[in-house]
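Subject: Structure handover and notes

Dear colleague,

I am passing the structure below on to you, together with my notes on what was found in it. Please read the notes with the model open beside them.

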Amino acid sequence: MVNPGTITSVELDEEKRFKFLFIALGACIEGFRAMRKVIVVDATHLKTMYGGMLVFATAQDPNHHHYPIAFGVIDTENHVSWPWFFNKLKTVVPDDPELVFISDRHKSIIYAISEVYPSARHAHCIYHLSKNLREYVKTDKDIASDKFKECAHIYTKNDFDREFMDFRRRFPNAAKYLDEKIGLDKWARCHFEGDKYNIDTSNAAESMNSVFVEARKTHLLPMIDTIIEKFSEWFNKYRKDSVGASNTRKLVPVVDNELHDRCEIAVRLTVIELNSYHLEYNVIGLDGKTYLVDLKMKSCSCRCFDIDKYPCVHAMAALRNLMRREVRRVHIEMHDLCSIYYLIETWALAYYRTIYVVPHESDWNVPAAIRQLMAKPPEYTKTGGGRTQEKRFRSIAERRRKRRRQMKFKPGINLEKFLQPPNLA
């Protein structure tokens, strides 16, 4: 009632005992329309006498902050609970060929996504895969794990084939595991058919788990209050950040800063115009290779432009060549070559609505029909709580602190000056 558009659902068993919970706040649902269509899902154990698991479905906002879409509570991860959660999620995020899910390889998640979201694509978290393949390596486990992640991040198939051939030679059992149990399209960036941008781990959802590590020790209602309060705090903070961004900037800080860092390389590259009408160029990189850039199609043969959805260093060099000519047929700004999801105005849309915390129970106005409903406590079997994740959460927190520094504008950045003709620069 205090957050219009919110979707909730509670499932009871045949004995009227609590079984499942789903909550998607109206502001989060609406804000997701300004997000890249990549959703990370994960579950973590609750630390109460009733057990159960807390589930998050999380996106990434234009400035690479974790963005909550929905959360819920299930008993365990199985072929009943996960399909139930995804069916509820489908009421706020419909099935779509452009939709991508990222998760670990839990069988019930794989089953649920294939059943509930048949049109969507599903990739696996490369962090979890890097840990799993260590079981298939006798020595040099760390090297194998790092080498796998390097292969996963490669943009072109030719480079991938060369590096993965070396990985296969050094770690044949791990390569066999990836070939037979996983499939290249589930983890290799260059083989994925769809747009998942820079997102290739389930860190977004796991970061949520780490934020609410203390709340998971409390009972259901206090935990929900804590989660909503934190969501409200995040919305307020990032709303101020997006609205307060400089009027002279068009792109979110994380992308603006990355493009600024690439300027130093782009000015050193040789550009050869191929077709001034189709805006096609050959650009000779620092590695001596020649890359084909198509500014109209927002594409480069290095594939970084195509996958990340903002200009690679070769595209920046080609754009600079175009804009510094005395006679040019078109005028293109740097932000014109970026995905709409990286614009500051899109970032602001994600947080324009307010999330209100639930008031004190004395102020509730609950209909009589709802008051008559009764939900008994669950009879969950208390488990050991799964794997110990404190070390994992600490590493996530360290990366989060580093990422915060990248999410603020660097002083003195001026991408427009980078594109100006020599007499104006």
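Helix α9 gives the most to the lining of the largest pocket, with eight residues; helices and strands here are DSSP runs (H or I over at least four residues for helices, E over at least two for strands), numbered from the N terminus. A pocket is defined on a 1 Å grid over the protein atoms alone, as an open set of points where a 1.4 Å probe fits, with protein on both sides within 12 Å along at least five of seven lines, and its lining residues have an atom within 4 Å of a point.

Before going further, please note that this is a predicted model, in which local features need pLDDT of at least 70 and side-chain atom pairs count only at pLDDT 80 or more, while totals for chains, interfaces and linings use all residues. Residues are numbered from 1 along each chain as its sequence is written, and side-chain values use heavy atoms, with hydrogens and water left out.

The pocket

The largest pocket has a volume of about 1,900 Å³, a volume being the space filled by probe spheres set on the grid points, which are joined across faces, edges and corners. Its lining comprises 46 residues, and V10, L21, L221, I224 and W364 lie nearest the centre. At least two lining residues come from each of β1 (7-12), β2 (18-24), α9 (220-243) and α14 (368-371). By class, the lining divides into 30 nonpolar, 10 polar and six charged residues, where Ala, Val, Leu, Ile, Met, Phe, Trp, Tyr, Cys and Pro count as nonpolar, Asp, Glu, Lys and Arg as charged, and the others, Gly among them, as polar.

Strand β2 also holds F18, which counts as buried because its relative accessibility is 12%; buried means under 20% relative accessible area, exposed over 50%, and partly exposed in between, with a 1.4 Å probe and protein chains only. F18 and K376 are 358 residues apart in sequence, yet their C-alpha atoms are 5.9 Å apart. In the loop between β1 and β2 lies K16, whose phi is near 65°, a positive value in a residue other than glycine.

Fold and cores

The protein has 16 helices and 11 strands, and buried residues make up 49% of its 425 residues. Of the contacts (heavy atoms within 4.5 Å) with a separation of 6 or more, 66% join residues 24 or more positions apart.

The largest nonpolar core has 111 residues, of which Y67, F86, L89, F101, Y117, F231 and L295 touch the most other members; such a core is a set of buried Ala, Val, Leu, Ile, Met, Phe, Trp, Tyr and Cys residues joined through side-chain atoms within 4.5 Å. Leaving aside neighbours within four places in sequence, F101 contacts residues including I39, V41, F86, L89, I113 and Y117. A second, separate core of 21 residues includes L129, F167, F171 and C190.

Helix α2 (residues 81-90) is mostly covered, with seven of its 10 residues buried, and W82, F86 and L89 are among them. D42 lies in strand β3 (residues 38-45) and counts as buried because its relative accessible area is 5%.

The SWIM-type region

UniProt, in an unreviewed entry, places the feature "domain: SWIM-type" at residues 291-323; its positions are given in the numbering used here, feature names are shortened, and annotations may be inferred rather than shown by experiment. Over residues 291-323 the chain is 48% helix and 18% strand, with the end C-alpha atoms 19 Å apart.

The loop between α11 (304-308) and α12 (313-323) contains K309, which has a positive phi near 70° although it is not glycine and is partly exposed at a relative accessible area of 24%. P311 lies in the loop between α11 and α12 and is buried, with a relative accessible area of 0%. Beyond four places in sequence, P311 touches L259, R262, F305, M316, M334, L337 and C338.

C338, found in the loop between α12 and α13 (344-350), is buried at 5% relative accessibility, and its contacts beyond four places include K309, Y310 and P311. The C-alpha atoms of C338 and F305, 33 residues apart in sequence, are separated by 8.9 Å.

Best regards
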